[in-house]
Amino acid sequence: MVTFQSANPDYFLAHYGVGESSSRFGKPRWIEAATRLAMSKTLSVAIIRGRARGGGSEFAMACDVRFASREKAIFGQPEVGFGLIPGGGALERLPLLVGRSRAIEIVLGADDFDAMAERYGWINRAIPDADLDGFVANFVRRVLSFDSQALSTAKAILNPTGLPNEVQLRSTQASFGATLRWPEALQRMAKSRERGLGVAGEFELNIGRHVADL
Amino acid sequence: MVTFQSANPDYFLAHYGVGESSSRFGKPRWIEAATRLAMSKTLSVAIIRGRARGGGSEFAMACDVRFASREKAIFGQPEVGFGLIPGGGALERLPLLVGRSRAIEIVLGADDFDAMAERYGWINRAIPDADLDGFVANFVRRVLSFDSQALSTAKAILNPTGLPNEVQLRSTQASFGATLRWPEALQRMAKSRERGLGVAGEFELNIGRHVADL
Amino acid sequence: MVTFQSANPDYFLAHYGVGESSSRFGKPRWIEAATRLAMSKTLSVAIIRGRARGGGSEFAMACDVRFASREKAIFGQPEVGFGLIPGGGALERLPLLVGRSRAIEIVLGADDFDAMAERYGWINRAIPDADLDGFVANFVRRVLSFDSQALSTAKAILNPTGLPNEVQLRSTQASFGATLRWPEALQRMAKSRERGLGVAGEFELNIGRHVADL
């Protein structure tokens, strides 16, 4: 079992660095990494406090299970607000989790969501912040007490229903790459960098609000 | 972007005119129209106050996104109560939105639902009536501020997951046509017309209750 | 229409008798029976008070519609806690009802759930216990007043979306049979029998808690 949480109270995981001219890490192999999380015998759990937007939301959705703080979690796919599209799985995973209509609302509205994300199915459940660590500790203790063969066999049989098609994931990732060079997107990203995209501060804290005002 | 709302506070959109011996508009091409809403580059939004039943509910479900008044929205697929089946998409769209078991409850129970329709996923969300217009205005303002190419590209990639099969839609529409001539349906529709089907009044306001008493 | 409820206030239907060395009833033909419920013209309704765990939960999920007592219903798939996997449909039906991530939480966590199962879609709805019988009586009265041809035609068209694949159901049932002979499972089942598996009492009432302590 692997659990992911953040030491930064404001962010679970921010977005992919569209504000940078090129990635510091070379070609990201995100689709492969996300698919490995799903296909792994190991259970992956995201414990979300703070913001999970763009690639951060897509990372959380690539985990098997998502538990979030009712008061402190914020979710968003703001890409369309930057003139882009989500490229790391949101266009494939969101409809499977929340249905087509709610996925369209999330992606085309590009706004921030609080823990009402639970009502949409974006996360497994929202838990009062004071109870979240205890809830997770109990869940982890349980799973670790069980037989690994039973766990991995059950996960393998559950897997096929609800996982996105990898060919479609790669195709969308390629489309996303093209949108990064769209003139309208370049303009919106330049404006966003001027206003604070990519640096700690008001713009990053409230991207959902600010992308509608570029 | 196109938004649909009603000037009649009691109805978003009533049902298909099964009470009429023949349509005033000739052969309805409903399936094509509904499919065009989904395949269009334009985002379609239903803003629901009052009743959305039968074809009215099916029209709302054919829109990309559905926002409803918590106090004033009413939903229903009453067709089975008239001895018919839903013929304009409910049998295909409801299972995709609310799952098979809840779709069976809705269609075979033929009852009216209030804004708890949100808990089933029939609508995106129910919003207190006093806040609905402000919520929609903000959503519309946001989407209109975004780049149309980003919006339409994202919608096109989201589209395949969660749309019904058009061959199945047409097949069900044909079956619906046949049910209109079933003797039991003719009898129930005749009784319903006597009691007020198709005219403003108590029967139409509370179809869910009255179809169980024909 | 067929409704299923229990005269035992503590149990809707307990689990498959993994505590017995062999079934009293010979080879169970559970997959066939469950599939027949879905394919039948008759509407099947589970009215759940008390525990529905393992095969009991799988039976409830094989019914078309599930209504549960908000205060008295308990759900669980505890198999992984015994070193086994669910073998009677949960691995196929849960992802269709609650999505992949919540299905993984339910099956790999092996814990008991109360009526919050409604929020996941495991059941149609949870109803305050005092209102449950009245709600069901009204639903039953309605459906019985409708034309059986309209009911069965609607159900038949709704059926294909959201039903599991029968080949997959049988394959998982075979895998389940193999897990019953896994050494780790034999050990956990032996310990469980010592602690009260299969007899009325504390262990059976709170299996969700006890399987994490074997």
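By a salt bridge I mean a side-chain nitrogen of Lys or Arg within 4 Å of a carboxyl oxygen of Asp or Glu, and with that in hand we can turn to this structure, which is a predicted model. The side chains of E118(B) and R119(A) meet that rule, with N to O at 3.0 Å, and across the interface of chain B and chain A the rule finds four salt bridges.

Let me set that pair in its surroundings. Across the interface of chain B and chain A there are also 17 residue pairs in polar contact, both residues being at pLDDT 80 or more. On the side of chain B that touches chain A, β4 (65–76), α6 (129–145) and α7 (148–158) each supply at least two residues, and the largest share, eight residues, comes from α7(B). Sorted by class, this side of chain B has 17 nonpolar, nine polar and nine charged residues.

As for the extent of the interface, 35 residues from chain B and 34 residues from chain A take part in the contact, and the two chains bury about 2800 Å² between them, with 58% of that on carbon and sulfur atoms. Of the area that chain B buries against chain A, R142(B), I157(B) and L158(B) supply 24%, which is more than any other three residues.

Finally, a word on one helix of chain A. Ten of the ten residues of α4(A), residues 100–109, are buried, so this helix is largely enclosed by the rest of the structure; among those buried are the charged-side-chain residues R100(A), R102(A) and E105(A). The helix is followed by A110(A), whose phi is positive, near 55 degrees.

Key:
Residues are numbered from 1 along each chain as its sequence is written. Chains are lettered from A and ligands numbered from 1 in the order in which they are written. This is a predicted model: local features need pLDDT of at least 70, side-chain atom pairs count only at pLDDT 80 or more; totals for chains, interfaces and linings use all residues. Side-chain values use heavy atoms; hydrogens and water are left out. Contact means heavy atoms within 4.5 Å. Buried area is the accessible area (1.4 Å probe) that two parts lose on being put together, summed over both. A polar contact is a pair of N or O atoms within 3.5 Å; within protein, one must be able to donate a hydrogen and the other to accept it, and residues adjacent in sequence count only if both atoms are side-chain atoms. Helices (H or I, at least four residues) and strands (E, at least two) are DSSP runs, numbered from the N terminus. Buried means under 20% relative accessible area, exposed over 50%, partly exposed in between (1.4 Å probe, protein chains only).
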